[in-house]
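Here is a short tour of a protein model for someone meeting it for the first time. Take a look at the sequence and the structure, and then read on.

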Amino acid sequence: MAQDQTKPSGPDLAQGIELAELSDGSKLVGHAGDEQVLLMRRGAEVFAVGAHCMHYHAPLVDGLVVDDTVRCPWHHACFNLRTGEALRAPALSPVACWSVEQRDGKIFVREKREGTTTMRRGKVSDQAPKKIVIVGGGAAGFAAAEKLRREQYQGSIVMLSNDDAEPIDRPNLSKDYLAGNASEEWVPLRPGNFYSENGIELRLKANVTSIDARVREVVLANGTSIPYDRLLLATGAEPVRLSIPGADQPHVRTLRTLADCRAIIERAKTARRAVVLGASFIGLEVAAALRARGIEVHVVAPDKTPMERILGPQMGGFVRSLHEEHGVIFHLEDTASVIDGKQVKLKGGGMLEADLVVAGIGVRPRTELAERAGLAVDRGVVVNASLETSVPTILAAGDIARWPDPHSGEIIRVEHWVVAERQGQAAALNMLGRREKFTAVPFFWSQHYDISINYVGHAEKWDELAIEGDIAAKDCLLRFKRNARVLAVASIFRDVESLQAEVTMEREAAL
């Protein structure tokens, strides 16, 4: 995530390059002044944009050009080559754009186009709602509020978050921030003044107790009522709490909020040995982060192979070996039965000493508000393709939403950061009356030391697993198939192929 501080490299594009150096469909990195610029050619047109993704600074030259867009190789953000606009999360800010001149068989990058550092609030349809309330301050809620203002919505936006921190980049909590490789400055999604400058009323520590869909208002724990014309439920998920004796001790933690992460970091400063309960993505990312801090880590989980249900036995076995290479000790096909002081007793009869215990045994969607409001709930809040609940003036997005996925043909609910952000953006458009279907292909990434696993699509079950490349060599792509149809693709260091798989799934769903 750190910004590149090295001197600009490549040719000086202001001085020009030969058109022949940039063949049709190719990309080239140079500089204009002190800024790195990515040149791309599509037929007779040449585009010049910032060379790095605005999410985690990935090199866009390694990405994929699709029509008039470029997609980020790391986390599948997407930018418009003509305007620089961030079209898809997880990037929310535009890349810079430059004017390009073609003359005498050469390409010259000219002036940098003026961009907007704040979102101007202009006129939208008279049919737009006057009051929008967003319940939730996570990925979906923030992305919706940001998108509403980017779309020049002028009405009232009230965001109600029961957290005590402004919206944060939650994936960082189990990765770089927890590992000590990122400062806390990187964690907020936007600076604090973003909300007031863009007319977003963010209320922290705001607990919504009920929704009256008939009169269109939400009620807070303090008795305050807030009216709405459109309501977005983005309440997210909460960690499954341990129910064993000793789980309420101060050195036993879960990880969901910034406060949770701060508490774990504080404990980690003096801890010598940690026990992570659960071999989920979050659990193993926490294990990797704690190993980066020099702490002995034991992972206890009921699984035979970590993450086998999602990634299959081969990739799951690789993940286990990777962690073992970094010193993690696994206790699989076992669970904790009691935490007695600093002793974690296992059902299998073992006992582990632990100065710190982190439980990563899953999350559950926070659907209580929806249930009390009488909305349709079935292992999540049921929504249609436009993310509308059973009450059309109420939409739902993120970890709580169960929606019709056009790629798998199933009704699914997933707990992925990028999906939540993209659903928040889609919900924003639909609250403005766009009636757009949510068709984005699910995507997530999981970081383990210097290895990132990218996953595109959704496959709860598969009958064939095709492996390309060598998993052990950290160069592979796995296709999860059912009835000969690819439902999902997992990969390590196959970024372009991962993006191509995403494009293929999009096009298949559009048929």
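## A buried glutamate

In this predicted model, glutamate 285 has a relative accessibility of 3%. The cut-off for a buried residue is under 20%, so glutamate 285 counts as buried. You will find glutamate 285 in helix α5, which covers residues 281-292.

What does glutamate 285 touch, leaving aside residues up to four places away in sequence? Its contacts are Ser174 and Lys175, together with the run Trp445, Ser446, Gln447 and His448.

## An enclosed helix

Now turn to helix α1, residues 139-150. How many of the 12 residues of α1 are buried? The count is 12 of the 12, so α1 is largely enclosed by the rest of the structure. The buried residues of α1 include Phe142 and Leu148, but also charged ones: Glu146, Lys147, Arg149 and Arg150 are among them.

After α1 comes glutamine 152, with a positive phi near 70°.

## The helix at residues 495-510

Helix α9 takes up residues 495-510. Its 16 residues should span 22 Å at 1.5 Å a residue; the end C-alpha atoms lie 23 Å apart, which agrees.

Which residues of α9 are buried? They are Ser498, Leu499, Ala501, Glu502, Val503, Met505 and Glu506.

## The whole protein

Stepping back, the protein contains nine helices and 36 strands. Its C-alpha atoms fill a box of roughly 80 × 60 × 50 Å along the principal axes. For 511 residues, a compact globule would have a radius of gyration near 24 Å, and the protein's value of 24 Å agrees with this.

Of these 511 residues, 54% count as buried. Among contacts with a separation of 6 or more, 58% come from residues 24 or more positions apart.

The protein exposes about 21900 Å², with carbon and sulfur atoms supplying 46% of that area. As for charge, there are 62 positive and 68 negative side chains, and the centres of the two sets lie 4 Å apart.

Conventions: Residues are numbered from 1 along each chain as its sequence is written. Side-chain values use heavy atoms; hydrogens and water are left out. Helices (H or I, at least four residues) and strands (E, at least two) are DSSP runs, numbered from the N terminus. The radius of gyration is taken over C-alpha atoms; the globule rule is 2.2 Å times the number of residues to the power 0.38. Buried means under 20% relative accessible area, exposed over 50%, partly exposed in between (1.4 Å probe, protein chains only). Contact means heavy atoms within 4.5 Å. Accessible areas come from the Shrake-Rupley method with a 1.4 Å probe; for residues, only the protein chains shown count as cover. The place of a charge is taken as NZ of Lys, CZ of Arg, CG of Asp or CD of Glu. The expected span of a helix is 1.5 Å times one less than its number of residues.
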